[in-house]
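Student: Could we go through this chain together? I would like to begin with the overall picture and then turn to the details.

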Amino acid sequence: MATCVLKLTTILSLVLLIIIIFHSQSSISADIEEEDGDDYYILDSPVPQFRSRSRFLASIIKKGTHCNPITKNICNGISANNGTSLLYCCKKHCRNILGDRNNCGRCRNKCGFGERCCQGKCTKVLRNVGHCGKCNKKCSPGIKCENGYCGYA
């Protein structure tokens, strides 16, 4: 009987450990997606060559919209989201070069492991008190940034 209880306790603790690990990994990936979570870019000024039935629709571009880098249409150098996004046509899709890890500052400029694209520059966010874990997340004065968390113990 005691060995049966010991086996069940061991199995239960392993299952709980797996659930905790899975939950922490999914919350980390949710933080990554949260940074650029909207589905649309709202242009700072409407694009005249972008045809639409209304001025409102002419001032919105869906993320990943197809474009042609040769003809430089729709999203080459277009400012969006009150200046926090700058759209360029990278590999036939509109990309925000101020926040896209695969097109940081310019098309095809990939940030390395542990880096995020902050204002168009690849920034190490694991130990940076001004960008702790993600762009513009500042730690309180005197608190260290460790492993992307302020005051990680």
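**Overview and details**

Tutor: Of the 153 residues in the chain, 24% are buried, where buried means under 20% relative accessible area, exposed over 50% and partly exposed in between (1.4 Å probe, protein chains only). This is a predicted model, in which local features need pLDDT of at least 70 and side-chain atom pairs count only at pLDDT 80 or more, while totals for chains, interfaces and linings use all residues. Residues are numbered from 1 along each chain as its sequence is written, and side-chain values use heavy atoms, with hydrogens and water left out.

Student: How many helices and strands does the secondary structure of the chain come to?

Tutor: There are 2 helices and 9 strands; helices (H or I, at least four residues) and strands (E, at least two) are DSSP runs, numbered from the N terminus. Along the sequence, the pattern reads α-β-α-β-β-β-β-β-β-β-β.

Student: What does the accessible surface of the chain come to?

Tutor: It comes to about 11000 Å², with 59% belonging to carbon and sulfur atoms. Accessible areas come from the Shrake-Rupley method with a 1.4 Å probe, and for residues only the protein chains shown count as cover.

Student: Which residues form a nonpolar patch on the surface?

Tutor: Ile11, Val15 and Ile19 do, and together they have about 270 Å² of accessible area. Like charges are joined within 9 Å, and nonpolar side chains (Val, Leu, Ile, Met, Phe, Trp, Tyr) within 5 Å. Valine 15 belongs to helix H1 (residues 2-34).

Student: Why does valine 15 count as partly exposed?

Tutor: Valine 15 counts as partly exposed because its relative accessibility is 41%.

Student: What does cysteine 94 touch?

Tutor: Not counting residues up to four places away in sequence, cysteine 94 touches Ile61, Gly64, Thr65, Cys67, Ile74, Cys75 and Tyr88. Contact means heavy atoms within 4.5 Å. Cys94 and Asn96 form the covered face of strand E5 (residues 93-96), whereas His93 and Arg95 form the uncovered one.

Student: How many bridges pair E4 and E5?

Tutor: E4 and E5 pair in the antiparallel sense over 4 bridges; two strands pair if DSSP finds at least two bridges between them. Cysteine 89 has cysteine 94 in E5 as its bridge partner, and tyrosine 88 stands opposite arginine 95 in E5. The hairpin of E4 and E5 has 2 residues between the strands, and lysine 91 there takes a positive phi near 50°.

Student: And how many bridges pair E3 and E4?

Tutor: E3 and E4 pair over 3 bridges, again in the antiparallel sense. Isoleucine 78 is partnered by leucine 87 in E4. This hairpin has 4 residues between its strands, and asparagine 81 in the turn has a positive phi of about 50°.

Student: Next topic: which residue stands opposite cysteine 117?

Tutor: Cysteine 117 faces cysteine 122 in E7. Strand E6 (residues 115-118) and strand E7 (residues 121-124) run antiparallel and are joined by 4 bridges. Their hairpin leaves 2 residues between them, and glutamine 119 in the turn has a positive phi of about 55°.

Student: Where is arginine 127 found?

Tutor: Arginine 127 lies in the loop between E7 and strand E8 (145-146) and, at 59% relative accessibility, counts as exposed. Leaving aside neighbours within four places in sequence, arginine 127 contacts Cys145, Glu146 and Asn147. Arginine 127 and glycine 148 are 21 residues apart in sequence, with 6.2 Å from C-alpha to C-alpha.

Definitions and conventions
Patch = residues over 30% accessible without salt bridge, like charges linked within 9 Å, V, L, I, M, F, W, Y side chains within 5 Å. Salt bridge = Lys/Arg side-chain N within 4 Å of Asp/Glu carboxyl O.
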